Amino acid sequence: MQNIHVVQVRTESGLAVAAKVEGNSLRLLSSSLFELALLAANEGRRLSEVIDTSMTGETLDYDVAIETGQLLAPITHPDPAHLLLTGTGLTHLGSAAPRNKMHGKGSDKKANEAPVTDTQRMFDWGVEGGKPTDGSVGAQPEWFYKGSGHTLRAPYQDIEMPAFALDGGEEAELAGVYIVNDQGKVFRIGYALSNEFSDHVTEKQNYLYLAHSKLRDASIGPEIVIGDLPEEVSGNVSIHRNGSLLWQHDFASGEQHMCHSIANLEHHHFKYAAFRVPGQVHVHFFGAAILSFADAIVLQEGDEMRIECNLMTCPLINRVKVMPATECPVAAL
């Protein structure tokens, strides 16, 4: 089956509807991707079939949708609290090096060997057991919670960095997008390009601050690819400041470049019953190996983060917006 690329747009009447990418044209569908995917999951039908039977005669120019701000995140939920953003780290070959350096020295130093950090240990577990071939459960990856649909930003929308943040940096990676049907069964909708924006300075202070560093905005899209993920996905991530290129780097993903299989990452996320609640949508980030932070890049207000890969039609672009300080006092009832 040929892969299908789907986006979501806001119509002139204010409705969020999915649209199938047809070159530079978007073929509008009759409903949101959430509604179409839930229908397919509940009725045991292929999502591609539901999409084919939901196409309308209305089209929209892809570039116009971007320019007019009609493009939305490719998956949304009627109740954003039930769209969960989570992810795994140390999943890619080569991903341990910048993290290991960030997290400092460990205590298990052997003669004539570099110190062993907890980061390196977890990475080694993934290399040794992240891709079981005998049907057994593989090594458990690093896991983090990132937020909900309230912190999912659309492509070309600003990513907001809170005033208390010590840093903000892009993380270019792939994400899996999932829906749970009315019987609690999990279905993969497809794959998306993503910017799993994080606070690496906070994490560098102490790796136990990882949980704090991940509670930031994220963006996926512009498209979700419905179909098979190639063994190798190649891309480029770049930072632009005041219209000029500041930094860029190629990156690679797909299982050829990962120490965990995607099936193993999925198992260790959805083994928890709390993530199999009917009606939930999950965006699960598969991990990044390339960070501008590792090259001492400090992002500023207005910097443009651009991520593109050979799997997608259009790049994922977001700008950094630094938010003013806010107070959040807690009152007793």
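A residue counts as buried when its relative accessible area is under 20%. The model shown in these views is predicted.

**View 1. Strand 2 and its two neighbours.** Strand 2, residues 16-22, is mostly covered, since five of its seven residues are buried. Strand 1 (residues 4-10) runs antiparallel to strand 2, and five bridges join the two. One of the positions to look for is Gln8, whose bridge partner in strand 2 is Ala18. Strand 2 is also joined to strand 3 (residues 25-29), again in the antiparallel sense, by four bridges. Here Lys20 has Arg27 of strand 3 as its bridge partner. Strands of a sheet pair through backbone hydrogen bonds, either parallel or antiparallel.

**View 2. The turns of the two hairpins.** The hairpin of strand 1 and strand 2 has five residues between the strands. In this hairpin Gly14 takes a positive phi near 95°. The hairpin of strand 2 and strand 3 has two residues between the strands. There Gly23 takes a positive phi, near 70°.

**View 3. Helix 8 and its surroundings.** Seven of the nine residues of helix 8 are buried, so the helix is largely enclosed by the rest of the structure. The buried residues are Ile262, Asn264, Leu265, Glu266, His268, His269 and Phe270. They pack against strand 6 (83-89), strand 7, strand 10 (172-180), strand 11 (186-195) and strand 15.

**View 4. Asn264 within helix 8.** Asn264 belongs to helix 8, which spans residues 262-270. The relative accessible area of Asn264 is 4%, so this residue is buried. Leaving aside residues up to four places away in sequence, Asn264 touches Gly130, Val137, Gly138 and Ala139.

View 5. The structure holds four aromatic pairs. One of them is formed by Trp143 and Phe275, which are stacked with 5.8 Å centre to centre and 25° between the planes. This pair links distant parts of the chain, with its two members 132 residues apart. Trp143 lies in strand 7 (residues 142-148), while Phe275 lies in the loop between helix 8 and strand 15 (281-285). Trp143 is partly exposed, at a relative accessible area of 35%, whereas Phe275 is buried, at 14%. Together with Tyr272, Trp143 and Phe275 form one aromatic cluster. A pair of aromatic rings is described by the distance of the centres and the angle of the planes.

**View 6. A charge over a ring.** The charged end of Lys214 sits over the ring of Phe144. It is 4.6 Å from the centre of that ring.

View 7. Strand 16 (residues 304-309) pairs with strand 17 (residues 316-322) in the antiparallel sense over four bridges. Arg306 has Ile317 of strand 17 as its bridge partner. In a regular strand the side chains alternate between the two faces of the sheet.

Terms used: Residues numbered from 1 in each chain as written. Predicted model: local features only at pLDDT ≥ 70, side-chain atom pairs only at ≥ 80, totals over all residues. Heavy atoms only, no water. Buried < 20%, exposed > 50% of the residue type's maximum accessible area, 1.4 Å probe, protein only. Contact = heavy atoms within 4.5 Å. Pairing = 2+ DSSP bridges. Phe/Tyr/Trp six-rings, centres within 6.5 Å; stacked < 30°, edge-to-face > 60°. Lys NZ or Arg CZ within 6 Å of the ring centre and 35° of its normal.
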